[in-house]
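Colleague: Could you take me through this model, starting with the ligands and then moving to the protein itself?

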Amino acid sequence: MKKIIITGGAGFIGSHVVRRFVNRYPQYLIINVDALTYAGNLENLVDIEDKPNYVFEKADIKDKTTISAIFDKYGVTDIVHLAAESHVDRSILSPMDFVYTNVIGTVNLLEVAKEKWKADYTGHLFYHISTDEVYGALGDEGLFTEETRYDPHSPYSASKAASDHFVRAYYDTYGIKTIISNCSNNYGPNHFPEKLIPLSINNIINNKPLPVYGDGKYTRDWLYVKDHAIAIDLLFHEGKIGDTYNIGGFNEWKNIDLVMLLCKQMDEKLGREPGTSQQLITYVKDRPGHDRRYAIDAGKINKELGWKPSVTFEEGLSATIDWFLNNKTWLNNVTSGAYASYYDHQYENR
Ligand code: NAD
Ligand code: DAU
């Protein structure tokens, strides 16, 4: 029986991965290991928290002793590693947090896996979730492929690049069976409202300014989070050991065009006059070291495993807005900070 640690399972993408694995694979035990930083929210998982094949362990990946104890307690067979500090703006303000969690935390997990799985790594997988930001910035043309040279610019992307290198080093040096995937920008339900799309949705709801960095012509390739979870499921089960896979939406948007589309859809859904929300757009000082354009060539995972995004951007964005409008309590709890006590109520005081 597989006993799989999913790190960062209380976060945005991690919660979708946990839900998918818990619901699709009742024969597996899913162990959600999360430190519940500001980005971790167990309210993301209320619908599955009582399932018999799911457990939550509040633990920090920087703490090797605790991670070792979790391995022993459950006899962990595999790791799907998503826990990270994930916000570029925070990495500019506080780079060491990114080094500690993203680099040292990842190496801690690799070390524990190496010790616990000993020399026989057969049947064990260390699957590391990474980002397209490790490849740096594109000009107007071209796409990131799995062969693109690493060229990270922000402390966040540098820390993710370092963690990717460590994962490859443990494959090359010790033979631990690894897979890495590098994904483009995700969006969807449960997205923390510090990132562009949920921040803009929240601010439109509350008639607050929509900050657009620099000239607004920075370009990102957006993927619906549930399609990322499908890709992770596929790679966990069918990916080639030692390989890297790029995952993306084939869906490039300049930030300003994206914010304008959001304003249009939100005006319709909120019954506001067309053009109302776009008046909230405010150009602000640029992000230092801001990468101009990201765009993923997801041809490898498409050709080898048949994966492609299942929803169009218009469908995904509409579903995302609907989710935020229908989950005001979630949004209020996150913006007020109330979500932080969910663990105490549900777990500590049980
Ligand atoms: P998130 O910030 O929403 O969630 C991160 C989770 O990790 C949170 O639950 C947090 O509590 C947990 N965590 C943080 N530090 C921890 C620690 N030291 N120990 C244990 N848990 C800790 O992040 P996300 O957007 O869901 O991203 C998940 C992963 O996917 C990250 O590795 C990120 O680099 C990668 N990624 C994200 C995107 C994106 O668009 N969001 C795209 C590509 C790759
Ligand atoms: O590309 C994958 C990456 O996407 C992930 O690895 C990161 O974890 C994830 O946070 C995301 O990084 P970005 O920096 O691209 O996401 P963010 O939502 O912060 O910004 C998207 C774009 O919008 C970027 O060009 C900066 C801009 N922006 C962002 C915010 C928060 C604004 O113009 N205004 C804003 O208020």
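What follows is a set of questions and answers on the ligand sites, the backbone and selected residues.

Colleague: Which element gives the most to the shell around ligand 2?

Modeller: The model is predicted. In it, 23 residues surround ligand 2, the closest being Thr131, Asp132, Tyr156, Arg287 and His290. Helix 6 (196-205) and strand 8 (210-213) each supply at least two residues of that shell. The element that gives the most, with three residues, is strand 8.

Colleague: What percentage of the area that ligand 2 exposes when taken alone is buried by the protein?

Modeller: An N or O atom in the side chain of Tyr156 is 2.6 Å from a ligand 2 oxygen, and one in the side chain of His290 is 2.7 Å from a ligand 2 oxygen. From the backbone, an N or O atom of Leu196 lies 2.8 Å from an oxygen of ligand 2. Ligand 2 taken alone exposes 690 Å², and the share of this that the protein buries is 94%.

Colleague: How many residues of the shell around ligand 2 are charged?

Modeller: The shell around ligand 2 holds 23 residues. They divide into 10 nonpolar and seven polar residues, and the number of charged ones is six.

Colleague: Turning to ligand 1, how much of its accessible area does the protein cover?

Modeller: Around ligand 1 there are 29 residues, and the closest are Ile13, Asp34, Ser86, Tyr156 and Lys160. A backbone N or O atom of Ile13 lies 2.8 Å from an oxygen of ligand 1, while a polar side-chain atom of Ser86 lies 2.7 Å from an oxygen of ligand 1. A polar backbone atom of Leu82 is 2.9 Å from a ligand 1 oxygen. Of the 840 Å² of accessible area that ligand 1 has on its own, the protein covers 97%.

Colleague: Where does the largest share of the shell around ligand 1 come from?

Modeller: Elements that give two or more residues to this shell are helix 1 (12-24), strand 5 (125-131), helix 5 (155-174) and strand 7 (185-187). By type, the residues of the shell divide into 14 nonpolar, 11 polar and four charged. The largest share, three residues, comes from strand 5.

Colleague: How many disulfides does the structure hold?

Modeller: A disulfide is a covalent bond between the sulfur atoms of two cysteines. Cys183 has a relative accessible area of 4% and is therefore buried, and Cys263, at 2%, is buried as well. The number of disulfides in the structure is zero.

Colleague: Is Asn190 buried or exposed?

Modeller: Asn190 lies in the loop between strand 7 and helix 6. Although not a glycine, Asn190 has a positive phi of about 70°. The relative accessibility of Asn190 is 7%, which is under the 20% cut-off, so Asn190 counts as buried.

Colleague: And is Phe250 buried or exposed?

Modeller: Phe250 sits in the loop between strand 10 (244-247) and strand 11 (252-254). Phi of Phe250 is positive, near 45°, in a residue other than glycine. With a relative accessible area of 51%, which is over the 50% cut-off, Phe250 is exposed.

Colleague: How far apart in space are Val18 and Ala161?

Modeller: Val18 is part of helix 1. Its relative accessible area is 0%, so Val18 is buried. In sequence Val18 and Ala161 are 143 residues apart, and in space, C-alpha to C-alpha, the separation is 24 Å.

Colleague: How far apart in space are Leu93 and Thr148?

Modeller: Leu93 is found in helix 3 (residues 88-93). At a relative accessible area of 74%, Leu93 is exposed. Leu93 and Thr148 are 55 residues apart in sequence, and their C-alpha to C-alpha distance in space is 28 Å.

Technical notes: Residues are numbered from 1 along each chain as its sequence is written. Chains are lettered from A and ligands numbered from 1 in the order in which they are written. This is a predicted model: local features need pLDDT of at least 70, side-chain atom pairs count only at pLDDT 80 or more; totals for chains, interfaces and linings use all residues. Side-chain values use heavy atoms; hydrogens and water are left out. A residue is near a molecule or strand if one of its heavy atoms lies within 4 Å of it. A polar contact is a pair of N or O atoms within 3.5 Å; within protein, one must be able to donate a hydrogen and the other to accept it, and residues adjacent in sequence count only if both atoms are side-chain atoms. Accessible areas come from the Shrake-Rupley method with a 1.4 Å probe; for residues, only the protein chains shown count as cover. Helices (H or I, at least four residues) and strands (E, at least two) are DSSP runs, numbered from the N terminus. Ala, Val, Leu, Ile, Met, Phe, Trp, Tyr, Cys and Pro count as nonpolar, Asp, Glu, Lys and Arg as charged, and the others, Gly among them, as polar. A disulfide is a pair of cysteine sulfur atoms within 2.5 Å. Buried means under 20% relative accessible area, exposed over 50%, partly exposed in between (1.4 Å probe, protein chains only).
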